[in-house]
Structures are given as structure tokens and as C-alpha cells.
Amino acid sequence: MANPASSSQIPEVVLGSSTGPKSMPVLAFGTAANNLQPIQLKTAVIEAIKLGYRHFDTAAVYGSEQPLGEAIKEALKLGLVASRDQLFITSKLWSNDAHPHLVIPALKKSLENLQLEYLDLYLIHWPISAKPGKFVFPLVDVMPMDFKGVWAAMEESQRLGLTKSIGVSNFTCKKIETLLSHATIPPSVNQVEMSPFWQQKKLRDFCKANGIVVTAFSPLGAKGTSWGSNHVMESKVLQDIAEARGKTVAQVLSHLYCLFS
């Protein structure tokens with residue numbers, strides 16, 4: 001997304017089911033990439049912190065937890081942030097570990113990779129499970145998720161202080177309804193793909209009615225990745241709006257997302 005001038009300019013939203021009040025910056029720096037280059041990612045994260053980013057999104061399957069952790073360690077050493085508490089770190093449970101007995105061990109492994117004592121937000125990456133073992137993408141040996149058991153383990157991870165908030169990703173209204181029927185701590189967040197060309201209004205309305213914050217991945221279309229497209233960044237309508245205001249398409253969209261968060 002467009003670079004903010006300072007962290008104080010990034011709006012925040014309060015998560016409803018956190019351990020105490022927890023504010024989440026609405027603009028985040030994502031770390032998913034094809035052919036991830038750890039050294040380049042570490043450098044990019046440090047530069048992003050200098051520019052004001054405080055929310056960083058990773059996942060066990062991305063392979064980016066370790067370089068992100070190294071970048072955070074370096075940023076603290078350099079005094080770019082006064083303490084770890086000034087950062088908001090999100091990671092995700094991959095489907096191979098989406099089994100009741102594997103949730104907490106998987107979270108602890110993510111914390112080890114990140115060299116952190118806790119996460120700010122831990123998400124179930126997809127509403128499906130896969131055979132335990134080595135991470136594979138695309139997924140093979142998929143199976144229905146034990147929503148009750150997996151979510152109970154997510155709730156326990158929050159109670160243990162391993163994460164401040166818990167949530168989901170890529171969940172439909174129906175999947176969230178199923179989860180809510182078992183939950184004692186409802187999800188704080190549902191992270192889904194969303195952009196001007198895929199606005200997810202039904203899902204956003206449903207989540208709002210249930211106190212769940214919707215966050216977007218690939219809001220700029222993820223141009224240049226295996227899963228993305230150039231439809232957003234090369235939209236003639238968005239380019240005209242950006243030109244008329246002396247901004248980039250990314251800056252226009254970042255402003256809009258902040259307004260509607």
C-alpha cells in the first residue's frame with residue numbers, strides 16, 4: 001500500500017474480542033510473495049517501519065516469519081520503535097496444523113520463528129484442514145475442519161496469552177455461522193480477498209452485524225504474483241481519479257480503505 005508519513009497518521013480500529021482493548025492499524029504490510037527472498041524482505045520491513053508501518057502480516061506457510069522476526073529485532077536494536085508493544089503482528093494457522101491438538105504447538109512455532117513472546121492476532125488461514133505433516137501448497141489430502149475443537153484451541157491460545165486476539169481468514173458467512181455456534185470467544189477478524197472489483201458486501205454486512213472486523217488481503221490486486229492480477233492497478237477509472245488528485249492509484253485506494261474501515 002501507499003507509504004504513510006508516520007504511524008500516527010494510520011487510523012486504527014478496536015478489536016472486539018481481544019484480551020483487553022486492542023487497537024489494530026488498518027494499514028498493514030503483507031509478507032506473502034512468490035520466490036521469497038529473506039534478506040530483501042528483512043530490508044523492506046525495516047524500511048517500512050521507518051516510513052510508519054506498525055502492522056505486519058505473515059503466516060506459517062509464507063516462509064516469512066523468520067525474516068520478519070529478524071527485521072523486528074533489528075528495528076528494536078536501532079531504536080526505530082521503542083518497544084515490541086508498538087508493533088501489531090498477525091500470523092496464521094496453516095491447514096496441516098488445523099487440528100485441535102496441533103493449534104497451540106503451531107502457534108508456539110510461529111512465535112519461535114518470529115522471536116516474539118506473543119502475537120497480536122492469530123488467524124485460521126482457511127476453513128479446511130489437511131493431513132498433518134509437511135506444508136504443501138496447493139493443499140492435498142484435505143478434510144473437513146473440526147470447527148468446535150480447533151476454535152476451542154484457538155480460544156485457549158488467547159487465554160494463555162500466546163496471542164492477544166484470534167480470528168479467521170477466507171471464511172464465508174456460513175462458515176462463520178458454524179464457528180459462532182461453538183464459540184465462547186468470537187473471532188475478532190475475518191481476513192479475505194477484497195478490492196474495488198470484489199467488494200464482498202454481503203460478507204462485510206454479516207461480519208459487521210456480528211462485531212467482526214473485515215480486513216482485506218491483495219487490496220491492490222497483488223499484481224505480479226501467481227494469485228493476483230493487474231485489474232486494480234491498471235484500472236482506467238482509478239488511474240483517472242489518481243491523476244486528477246495528483247496521487248498514485250495505491251494512495252487513492254489506501255485513503256478509501258481508511259475511510260471505510
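Guide: Buried means under 20% relative accessible area, exposed over 50%, and partly exposed in between, with a 1.4 Å probe and protein chains only. This is a predicted model: local features need pLDDT of at least 70, side-chain atom pairs count only at pLDDT 80 or more, and totals for chains, interfaces and linings use all residues. Residues are numbered from 1 along each chain as its sequence is written, and side-chain values use heavy atoms, with hydrogens and water left out.

Visitor: Is Asn 35 buried or exposed?
Guide: Asn 35 sits in the loop between strand S3 (29-30) and helix H1 (38-51). Helices (H or I, at least four residues) and strands (E, at least two) are DSSP runs, numbered from the N terminus. Asn 35 is not a glycine, yet has a positive phi of about 50°. Its relative accessibility is 70%, so Asn 35 counts as exposed.

Visitor: Where does Asp 141 lie?
Guide: Asp 141 is not a glycine, yet its phi is positive, about 55°. Its place is the loop between strand S7 (129-130) and strand S8 (142-143).

Visitor: How many helices and strands does the protein chain have?
Guide: The C-alpha trace spans about 55 × 45 × 35 Å along its principal axes. Buried residues make up 46% of the 261 residues. The secondary structure comes to eight helices and 11 strands.

Visitor: What share of the contacts between residues at least 6 apart in sequence join residues at least 24 apart?
Guide: Contact means heavy atoms within 4.5 Å. Among the contacts between residues at least 6 apart in the protein chain, those joining residues at least 24 apart make up 67%.

Visitor: How far apart do the centres of the positive and negative side chains lie?
Guide: Lys and Arg count as positive, Asp and Glu as negative; His and the chain ends are not counted. Each charge is placed at NZ of Lys, CZ of Arg, CG of Asp or CD of Glu. The protein chain has 25 positive and 21 negative side chains, and the centres of the two sets are separated by 2 Å.

Visitor: Is Asn 190 buried or exposed?
Guide: Asn 190 lies in strand S10 (residues 189-193). Beyond residues up to four places away in sequence, Asn 190 touches several residues, including Val 168, Phe 171, Cys 207 and Val 214. With 0% relative accessibility, Asn 190 counts as buried.

Visitor: How far apart in space are Ala 130 and Asp 97?
Guide: Ala 130 lies in strand S7 and, at 0% relative accessibility, counts as buried. Its contacts outside four places in sequence include Ser 95, His 99 and Asp 141. Ala 130 and Asp 97 are 33 residues apart in sequence; C-alpha to C-alpha, the spacing is 7.6 Å.
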